[in-house]
Amino acid sequence: MPLPPPSPRPDAVIVGAGIAGLSCATLLAEAGMRVVVLEASAVPGGRARSWVDPGTSDVVDIGPHILLNKYGNMRAWLARLGTEHQIRWQTEELLTVLDKGRRIHFKVHGLPAPLHYVRNLPRVLPSVPLHRLLSNVPVAWRTMRSTPAEIRALDNQSGRNYLQAQGVSGAFIDWFWASASMAFLNLPVEACSAAALMRIFGHMLGHSDPAFGFPKVGLSDLYAWPAIRHVESRGGQVRFDCAAAGLRRRDGAVAGVVLADGTHIDAPVVLAVPPDALSGLLPASHPLARVASRFEPSPYVSCYLWFDRKITRSRFWARPWSPREFNTDFYDLSNVREGARPGSLIATNIIWSHRANGLSDEAIVEATLKEIADFAPQAREARLLSAAVHRIPMSVPCSRPGIESLRPPTRMEPGLFLAGDWIDTDLPFCMESATRAGALAAEAILADVGRPRSLALPVPEPQGLAGLLRRRTPAAGR
Ligand SMILES: Cc1cc2nc3c(=O)[nH]c(=O)nc-3n(C[C@H](O)[C@H](O)[C@H](O)COP(=O)(O)OP(=O)(O)OC[C@H]3O[C@@H](n4cnc5c(N)ncnc54)[C@H](O)[C@@H]3O)c2cc1C
């Protein structure tokens, strides 16, 4: 039976209870606004949700997620929700890469950016000759001297073409940049936007203290349910199994949403949905629907493997990307989560997983087991107690050349606001982008009712020598 329209009329209706929608709802509810969040599915969290695995009764995420300590908006939001302590930060090392059987432990050292990587040289040189490493100096110099607008202007070039044109050795592109593109942008380096890739490079060069963090609890318990409690305790409402089916218009402005059951809710609208969901909400001729149709999903396959014993003491390791292999990042959740059972629970990601499409779940588990054993040989003796394969149609949209320039703004038209990781946030498509997009939408709604507030934290500026270079020469790099 359809729910009655909310009474009194809400101050905002938010479509989508993923990170972006819930970030927006939290901030608006805190500012005293009455919000209604509509979620099409029966549970919150969208692409960052968790559930109870039916085989083991353990909580698993849709796929393992990792945070960066520079996720300022997300960390501030988790602090609001009282769950920031549920992140386990890896401070002793940045990451371990298994390169042709050799473990490379990347660390960051107290030198000013970008020199913080220099002390990794002895660990890296057995894998990469010095001249290949040095072939990156011109592109690093140029990236540090470029303004954000100059980086954006690279959007029509592919990552590989741009790196080659800057003199980076082909072998180094295959060894490092192919993996970086896959890990951060979720598509091959020849298919990614040079602007998206160089923005990440600028970030790597400009921050000397990067650290990864892993949720100690399922993602839904990290933020989704706490955000819903936060909203509801301030008079807001979250409705599940409640899909928005279209927009209502009055006098040339968006007046509210029409629900799938034919009822409507009038209020300023925030669409916090991914690009592929817009086709169900807007006519195909709408400019936003046309833009959204250009965003292509990057698919994932995530595996969860339960072993009868500990097979590693590591939290996280990675393998360089190769089209002949499957998984790139591996997590032993028994070393991350509190109160985990005695054996290892390994979660993995196959990024850009088209090559796994024709494979059965059993074949994927078999390939994953072999790849885990390359790092943790104990996996060969251990008994596999259970396995789950999650096939995920979209992790994030693909940052293809030209896509950065298409990312839409927060304000679409009177009465209509956008949020979501794919909105123009100056960040790659990720959880931090979704959280920031939600905050930008909340700012816009509050400004329209004459209560402007600064809620979205800026993207961190480069620090150290990298920061000095950019500030002194804002127009340099051409
Ligand atoms: C396997 C995997 C691994 C990832 N790893 C990382 C990582 O390590 N680090 C990182 O930062 N990011 C990672 N990401 C990306 C991250 O999860 C997303 O960037 C983020 O969750 C996007 O949030 P969102 O709110 O923008 O969109 P979504 O999560 O897609 O939320 C949109 C919500 O809108 C709802 N909806 C859609 N249409 C309607 C409608 N008509 N009416 C009502 N509701 C509707 C959907 O059901 C959904 O709940 C990963 C993603 C996946 C899938």
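This is a predicted model: local features need pLDDT of at least 70, side-chain atom pairs count only at pLDDT 80 or more; totals for chains, interfaces and linings use all residues.
Local features require pLDDT of at least 70 and side-chain atom pairs count only at pLDDT 80 or more, whereas totals for chains, interfaces and linings use all residues. Residues are numbered from 1 along each chain as its sequence is written, and side-chain values use heavy atoms, with hydrogens and water left out.

Strand β17 spans residues 329–332 (strands are DSSP runs of E, at least two residues, numbered from the N terminus). Asp329 and Tyr331 on one side, and Phe330 and Asp332 on the other, are all buried (under 20% relative accessible area, 1.4 Å probe, protein chains only). Strand β17 pairs (at least two DSSP bridges) with β16, residues 316–318, in antiparallel fashion through 3 bridges. With β18, residues 345–351, it forms 4 bridges, also antiparallel. Tyr331 stands opposite Phe316 and opposite Ala347 in β18.

By an automatic or database domain assignment, domain 2 comprises 51–70 + 212–216 + 296–397 and domain 3 comprises 111–207. Their centres, taken over C-alpha atoms, are separated by 27 Å. Contact (heavy atoms within 4.5 Å) involves 10 residues of domain 2 and 11 residues of domain 3. The two domains bury about 900 Å² between them, 68% of it on carbon and sulfur atoms; this buried area is the accessible area (1.4 Å probe) lost on being put together, summed over both parts. Lys70, Trp321 and Trp352 supply 54% of the area that domain 2 buries against domain 3, more than any other three residues.

Conventions:
Buried means under 20% relative accessible area, exposed over 50%, partly exposed in between (1.4 Å probe, protein chains only).
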